[in-house]
Amino acid sequence: VLSDINLFYEVISLQLTSTLLPITGILPDSVLMWIIKSANAYSLNDKYADSAYGHVLSYVRDAKHGTNFTKRQMVPGRRRVVLTGHSLGGAVANIVGAKLRLRAVAFSPPGIYWSSHKFGIPSTDRIDAEVFSVVPERDVVPSIDRQRGLVQYITCPEEFSSIGCHDIIHSLCNLANACRDYSKDIFNPFPDFDSECSS
């Protein structure tokens, strides 16, 4: 939670302020993006942002071009890279995917739209083209910033708390049940998955 707050504190502050003064509903997106980027520049928070996703950016850049990041050995040929993550990891996947024009599939991520300039994403069109987010209802983490790209909203049972709705197992079970014909092939390597979904 602290990592989410650290990486997104400008937009969280803006959204909290909007509970008293509805600025996120009144100001154009371009102005909100400028405010967030400016607040980030004055706070020198770039060092934290870089440490949060900079190493992933380097790793993925190398992997895409066939270089093994840890051993610096060439692996023949270019690779098709798809990024994925949950929560803050999903936001990192979406940021790196948008920056490098790679497909990103994220589960319960904070949005990255209003913070896109802060993260150095050259165009929000890249978010629209590369980012796919699965967002459970009543999950508070995806309400940070604004979701953009392809967003698939999924249900969350009434008996689940907001934290329960944020759980990755809930999201995967929801998708597996909705896509039963395909999920058998996808989840075959994970024999405990079916029992996890039925509990």
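Are Y53 and F119 buried or exposed? Y53 is buried, and F119 is buried too; buried means under 20% relative accessible area, exposed over 50%, and partly exposed in between, with a 1.4 Å probe and protein chains only. This is a predicted model, where local features need pLDDT of at least 70, side-chain atom pairs count only at pLDDT 80 or more, and totals for chains, interfaces and linings use all residues. Residues are numbered from 1 along each chain as its sequence is written, and side-chain values use heavy atoms, with hydrogens and water left out.

**Aromatic pairs**

- The structure holds two aromatic pairs. Rings of Phe, Tyr and Trp (its six-membered ring) pair if their centres lie within 6.5 Å; planes under 30 degrees apart count as stacked, over 60 as edge-to-face and the rest as tilted.
- F8 and F119 are edge-to-face, because their ring centres lie 5.6 Å apart and their planes meet at 80°.
- F8 sits in helix 1 (residues 2-17) and F119 in the loop between strand 2 (104-107) and helix 6 (124-130), so this pair ties together parts 111 residues apart in sequence. Helices (H or I, at least four residues) and strands (E, at least two) are DSSP runs, numbered from the N terminus.
- F8 is buried, as is F119.
- Y53 and F119 also pair edge-to-face, at 5.9 Å centre to centre and 85° between planes.
- Y53 lies in helix 4 (residues 46-64) and F119 in the loop between strand 2 and helix 6, so the pair joins parts 66 residues apart in sequence.
- Ring pairs link F8, Y53 and F119 into a cluster.

**Disulfide**

- There is one disulfide, defined as a pair of cysteine sulfur atoms within 2.5 Å.
- C156 and C165 form this bond, with sulfur atoms 2.0 Å apart.
- The link of C156 and C165 is left-handed, with -95° about the S-S bond.
- C156 is buried at 3% relative accessible area, and C165 is buried at 0%.
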